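Q: I am new to this structure. Can you walk me through how to read it?

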Amino acid sequence: MRTALFTLARLGPSLAYATAAVFLISMLLLDYSPSSASAWWLYMTILPVMREPIYLLFAVPGVGIWIATALLMLASLFGIQLALQPQRYLRSGFIHAHVALIATGLTMGRAAVAQAGTSSFSLPQLLRGDWSFLPLSYSPLGTFLFVLALSACICCHLRILKRISVG
């Protein structure tokens, strides 16, 4: 039972990568059929969760939608192998889980925004600006993926600690 729960937890990053691939597929569906209500529903459901990570992936030179989809599907499939054999691929599983955690964490919080007046560049004027936080983007899907990726990271750290204490 415990092994099955840990395996499910280690599958969290694969689900995050698969969700990103489905987001790209929904973009392709909208390109081919812009009047499809189901394509719009799929796109708008996943958009708040995967917008920032996908746009960061698109910022890499030479990465288009087809290459990004293939990479994400391969990462998801590779993650299944990592989840099923965690002791064999300890470092790869660690990197795989933490990249997914960072990617899903991008949507959990926003950076602070400073709005300062341009009439004067003195420090006291800048300190009187509005230093408010942007609202967090809340999405049940995003929260679920973040918790799954976090649990996979915790599993990686537990395996590393267990390996250190045994060896």
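Q: Which residues touch the most other members of the largest nonpolar core?
A: A core is read by asking who touches whom. In this predicted model, the largest nonpolar core has 26 residues. Phe23, Met50, Ile54 and Leu72 touch the most other members. Two or more core residues come from each of H2, H3, helix H4 (65–84), helix H5 (90–105) and helix H7 (140–166).

Q: How many helices and strands are in the chain?
A: The chain has seven helices and zero strands. Their order is α-α-α-α-α-α-α. Of its 167 residues, 34% are buried. Take the contacts between residues at least 6 apart in sequence: 74% of them join residues at least 24 apart.

Q: Is Leu158 buried, partly exposed or exposed?
A: Relative accessible area decides. Buried means under 20%, and exposed means over 50%. Leu158 has 45%, so this residue is partly exposed. Leu158 lies in helix H7. With Leu150, Ile154, Leu161 and Ile164, Leu158 forms a nonpolar surface patch of about 480 Å² accessible area together. The chain exposes about 10,400 Å², with 73% supplied by carbon and sulfur atoms.

Q: Where is Ser36 found, and what does its side chain reach?
A: Ser36 is in the loop between helix H2 (12–32) and helix H3 (37–58). Its side chain makes a polar contact with the side chain of Ser38 at 3.2 Å. The Ser36 side chain also reaches the backbone nitrogen of Ala39, at 3.3 Å.

Methods
Residues numbered from 1 in each chain as written. Predicted model: local features only at pLDDT ≥ 70, side-chain atom pairs only at ≥ 80, totals over all residues. Heavy atoms only, no water. Helix = DSSP H or I, 4+ residues; strand = E, 2+ residues; numbered from the N terminus. Polar contact = N/O pair within 3.5 Å; in protein donor to acceptor, adjacent residues only side chain to side chain. Core = buried A, V, L, I, M, F, W, Y, C linked by side-chain atoms within 4.5 Å. Buried < 20%, exposed > 50% of the residue type's maximum accessible area, 1.4 Å probe, protein only. Patch = residues over 30% accessible without salt bridge, like charges linked within 9 Å, V, L, I, M, F, W, Y side chains within 5 Å. Areas by Shrake-Rupley, 256 points an atom, 1.4 Å probe, with all protein chains shown as cover. Salt bridge = Lys/Arg side-chain N within 4 Å of Asp/Glu carboxyl O. Contact = heavy atoms within 4.5 Å.
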